[in-house]
Amino acid sequence: MTSEPGRRVLDPERDGAAFKALTHPLRIELLGLLRQHGPATASELAARTGESSASTSYHLRVLAKYAFVAEAEHRDGRERRWKSVHAVTSWSNEAMHRAPGGRAALGALRRRQLEHLERSLARHEADLESGRLDSAWQEPSGLNDSLLRLTPESLTELWDVLAAKTAELAARDAADPRAEQVVVFTAGLPLAPEPPAASAGSAATEGSHTGEDAPTDGNAPADGASVTGENAPADGRAS
């Protein structure tokens with residue numbers, strides 16, 4: 001697997017130690033903060049996370065050991081600054097399932113993404129309530145889910161179309177002063193048929209319709225080029 005500029009593609013068999021290092025919740029958060037806000041010192045990251053600077057310094061060194069972060073240009077000689085090496089970390093899900101311990105690592109990383117979703121939602125609501133976000137963002141923001149019948153090939157095509165469109169929109173808006181950081185979550189989770197005794201309608205979220213294509217409350221959000229939030233080293237299916 002080869003890496004594109006700005007994207008690091010991990011090999012689950014060759015990079016097993018790196019995967020293990022990345023599953024630590026604080027390391028994921030530190031990496032996400034560097035991607036979202038740019039270079040920072042261990043002390044600055046400690047203030048953001050509520051951890052001690054000794055703890056953030058240790059975990060940054062672990063991330064550096066596995067080439068997720070590197071030293072950035074220093075403002076002065078007193079404390080080193082760190083930067084994220086890549087905007088996105090990704091891998092093959094199929095390879096993850098084959099690798100020893102890969103399923104557990106993948107599950108841990110996906111749960112960190114769900115935690116990031118919860119924190120992003122809380123921050124979004126607070127930013128709108130306080131006026132830090134313009135009211136123009138109320139209509140296009142939101143969460144959406146759908147129940148579709150797709151083949152594996154169609155789901156793969158859907159990911160490719162989303163990736164291409166998000167890259168196009170992010171490039172178009174890069175220099176627009178009205179642009180804000182938008183945390184975009186996408187999920188494609190095939191479900192096997194339920195046993196006959198299972199209760200009907202359990203696949204739909206509360207408050208949604210139960211049709212084949214059932215969006216929940218809110219609009220589908222505009223997409224971003226990659227996940228760069230406070231607790232997200234991943235980019236959806238690949239992460």
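Q: Among contacts in the protein chain between residues at least 6 apart in sequence, what share joins residues at least 24 apart?
A: Let's start with the chain as a whole, which is a predicted model. Take the contacts in the protein chain between residues at least 6 apart in sequence, and ask which of them join residues at least 24 apart. That share is 69%.

Q: In what order do the elements of the protein chain run from the N terminus on?
A: The protein chain holds seven helices and five strands. Reading from the N terminus on, their order is β-α-α-β-α-α-β-β-β-α-α-α.

Q: What percentage of the residues of the protein chain count as buried?
A: The accessible surface of the protein chain is about 14,700 Å², with 52% of that area belonging to carbon and sulfur atoms. To count as buried, a residue needs a relative accessible area under 20%. Of the 239 residues, the buried share is 33%.

Q: Which strands are the edge strands of the open sheet of three strands?
A: The order in this open sheet is S2-S4-S3, with antiparallel pairing. An edge strand here pairs on one side only.

Q: Which residue in S4 is the bridge partner of Glu71?
A: Strands of a sheet pair through backbone hydrogen bonds, either parallel or antiparallel. S3 and strand S4 (residues 81-84) pair in the antiparallel sense, over three bridges. Within S4, the partner of Glu71 is Trp82.

Q: Which residue in S5 stands opposite Arg8?
A: Here we turn to another pair of strands. Strand S1 (residues 7-10) and S5 pair in the parallel sense over four bridges. Opposite Arg8, S5 places Thr89.

Q: Which residues of strand S5 point the other way from Val88 and Ser90?
A: In a regular strand the side chains alternate between the two faces of the sheet. Strand S5 covers residues 88-91, and Val88, Ser90 and the two residues pointing the other way are all buried. Those two are Thr89 and Trp91.

Q: Which residues are linked with Arg14 in a network of salt bridges?
A: A search of the whole structure finds 12 salt bridges. In one of them, the side chains of Arg14 and Asp15 meet at 3.4 Å, N to O. Arg14 is exposed, with a relative accessible area of 58%, whereas Asp15 is buried at 12%. The network links Arg14 with Asp11 and Asp15.

Q: How many residues apart in sequence are the parts that the pair of Glu29 and Arg119 ties together?
A: The side chains of Glu29 and Arg119 meet in a salt bridge, 3.3 Å from N to O. Glu29 lies in helix H2 (residues 25-37) and Arg119 in helix H6 (residues 102-130), so the pair ties together separate parts of the sequence. Glu29 counts as buried at 13% relative accessibility, while Arg119 is partly exposed at 37%. The separation of the two parts in sequence is 90 residues.

Q: What is the N to O distance in the salt bridge of Arg132 and Asp127?
A: Arg132 is exposed, with a relative accessible area of 57%. Asp127 counts as buried, at 13% relative accessibility. Their side chains meet in a salt bridge, and the N to O distance is 2.7 Å.

Q: Which is the nearest side chain of opposite charge to Arg27?
A: Arg27 has its place in helix H2. Leaving out residues up to four places away in sequence, Arg27 touches Ala21, Tyr58, His59, Val62 and Leu63. Arg27 is buried yet has no salt bridge, and a salt bridge would need a side-chain nitrogen within 4 Å of a carboxyl oxygen. At 11 Å away, the nearest side chain of opposite charge is Glu51.

Q: How far apart in space are Ala21 and Ala105, C-alpha to C-alpha?
A: Ala21 is found in helix H1 (residues 16-22) and is buried, with a relative accessible area of 5%. Not counting residues up to four places away in sequence, Ala21 touches Arg27, Val62 and Tyr66. Ala21 and Ala105 are 84 residues apart in sequence, and their C-alpha to C-alpha distance is 9.9 Å.

Q: Which residues make the nonpolar surface patch of about 260 Å²?
A: Leu158, found in helix H7 (residues 152-173), is one of the residues in this patch. Patch residues need over 30% relative accessible area, and Leu158 is partly exposed at 36%.

How values were computed:
Residues numbered from 1 in each chain as written. Predicted model: local features only at pLDDT ≥ 70, side-chain atom pairs only at ≥ 80, totals over all residues. Heavy atoms only, no water. Patch = residues over 30% accessible without salt bridge, like charges linked within 9 Å, V, L, I, M, F, W, Y side chains within 5 Å. Areas by Shrake-Rupley, 256 points an atom, 1.4 Å probe, with all protein chains shown as cover. Buried < 20%, exposed > 50% of the residue type's maximum accessible area, 1.4 Å probe, protein only. Pairing = 2+ DSSP bridges. Contact = heavy atoms within 4.5 Å. Lys, Arg positive; Asp, Glu negative; His and termini not counted.
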